[in-house]
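The tour goes stop by stop.

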Amino acid sequence: MADQEKNVDSESLKALCVQVLQKLKVPRDEAEITADVLVRADLRGIESHGVSRLPRYAKRLMNGWIPSKAKLTMKKETPVSLLVDGENSLGQVVAYRTMERCIEKAKKSHLAFAAVTHGNHIGIAGYYAMMALKENMIGLCMTNAWPLVVPTFGIEPILGTNPIAVAIPTKYAPPYVLDMATSVVPIGKMEVYKRHGKPVPVGWAIDEESQPAVDTETVMRCVYKTKRGGLLPLGGSEETAGYKGFGLTVLVDILSGILPGAAYGPYIGTPDDPKPSNIGQFLGVIDVNAFTPLEEFKERMDLMIRTIKDSSKAKGQNRIYIHGEKEWELEAEYRKTGIPMYIKVWESLRDLAKQLELDFHI
């Protein structure tokens, strides 16, 4: 597949994203936030949520489906909580600004949580959880999403992939970062597989007859057209404990949708729907010092990680990875060597730049 990829410098890619967004009248600071979230996803190997999403955001901006300048309204506030109305603004900007406020509050009150209503797609949830790491705090982010997932024993895709992300500081080890969909895979993974012409592994999705869907065309038809069949919750079928992923998916919808008064499940708008998506988020920050001295906590985190990594390996394996470890290593590598970008994604960015009469030099 190497002949179908181009290595792209991450800073040049970010600059292009900023130019595109500014051309669509997004203020520079908000364009930089959005671009950084997109490029960070690609740097961490999460291409399903990287710059391949930019044309989709551009379409919504060009059509006036979302405003170019973000607006956040504080609907309710206490010393440890926020209820934010995102006013249908760019999701990355709303989530970023909300997390900033959570961090500020946690510095004073040791913890803070926020719920967002009338939001949009925010990219990788891990980005916002990791914002807390700079302050040696624990970060949490979860968001609901448009319906693509079938419930256990169900056939209709009425739930989102609803990711959960948690970032926890360490002393010397790479910070622990859990960033996962509550479905077996996010729909973006299917889009990546479609671009690369890969078959869908059994256990990821089912078709209209509840049989394993083994190609991306079937999955896309099920979730976007027939509305029968779709992605499976984390764990897969009931026999393989998919009800656990189903439960987590519903939990995210409760905290991100029901709690702030946002949409949930089948009522969330899709990316190609001109109506507001009304996606919701739930974010939080915990000051470790509220429970235990920070340095002691970080040393114990390192010890736990070392204990896990030093444990006996399965046959043929020589390393155990802690959550986020592969992504930290990949990010360091890609910042030096460039991000490998699938040629069709590169072409879509080139075409978007041409449409907006921008120079294209990546």
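Helices here are DSSP runs of H or I, at least four residues long, numbered from the N terminus. Bear in mind that this is a predicted model.

**Stop 1: a helix residue under cover**

Select Thr98, which lies in helix α4 (residues 91-109). Is Thr98 buried or exposed? Thr98 counts as buried, because its relative accessibility is 0% and the cut-off for buried is under 20%. Now show its contacts. Leaving aside residues up to four places away in sequence, Thr98 touches Leu72, Leu82, Val84, Ala114, Val116 and Leu283.

**Stop 2: the sheet**

Colour the strands next. Seven of them form an open sheet in the order β2-β3-β4-β10-β5-β6-β7, and the pairing is mixed. Which strands stand at the edges? They are β2 (73-78) and β7 (176-180); each has a single partner strand, so one side of each lacks a neighbour in the sheet. From one strand to the next, the twist averages 10°.

Zoom in on β2 and its partner β3 (residues 81-85). The two strands run antiparallel and are joined by five bridges. Pick Lys76: opposite it stands Leu83 in β3.

**Stop 3: salt bridges**

How many salt bridges does a search of the whole structure find? The search finds 21. Visit three of them.

- Select Glu32 and Arg28. Their closest N and O atoms are 2.9 Å apart. The two residues sit four apart in helix α2 (residues 28-43), so about one helical turn separates them. Glu32 is partly exposed at 31% relative accessible area, and Arg28 is partly exposed at 46%.
- Select Glu331 and Arg44. Their side chains meet in a salt bridge of 3.1 Å, N to O. This pair links distant parts of the chain, 287 residues apart: Glu331 is in helix α10 (residues 325-337), while Arg44 is in the loop between α2 and α3 (54-62). Both residues are buried.
- Select Arg350 and Asp351. Their salt bridge spans 3.3 Å, N to O. Arg350 is partly exposed at 34%, and Asp351 is partly exposed at 41%.

**Stop 4: a nonpolar patch**

Select Ile254, Ile258, Tyr264 and Tyr267, which make a nonpolar surface patch of about 430 Å². Ile254 belongs to helix α8 (residues 242-258). With a relative accessible area of 42%, Ile254 is partly exposed.

Methods
Residues are numbered from 1 along each chain as its sequence is written. This is a predicted model: local features need pLDDT of at least 70, side-chain atom pairs count only at pLDDT 80 or more; totals for chains, interfaces and linings use all residues. Side-chain values use heavy atoms; hydrogens and water are left out. Patches are made of residues with over 30% relative accessible area and no salt bridge: like charges are joined within 9 Å, nonpolar side chains (Val, Leu, Ile, Met, Phe, Trp, Tyr) within 5 Å. Accessible areas come from the Shrake-Rupley method with a 1.4 Å probe; for residues, only the protein chains shown count as cover. A salt bridge is a side-chain nitrogen of Lys or Arg within 4 Å of a carboxyl oxygen of Asp or Glu. Buried means under 20% relative accessible area, exposed over 50%, partly exposed in between (1.4 Å probe, protein chains only). Two strands pair if DSSP finds at least two bridges between them. Axes are lines fitted to C-alpha atoms, for helices over the stretch in contact, and angles run from 0 to 180 degrees between N-to-C directions. Contact means heavy atoms within 4.5 Å.
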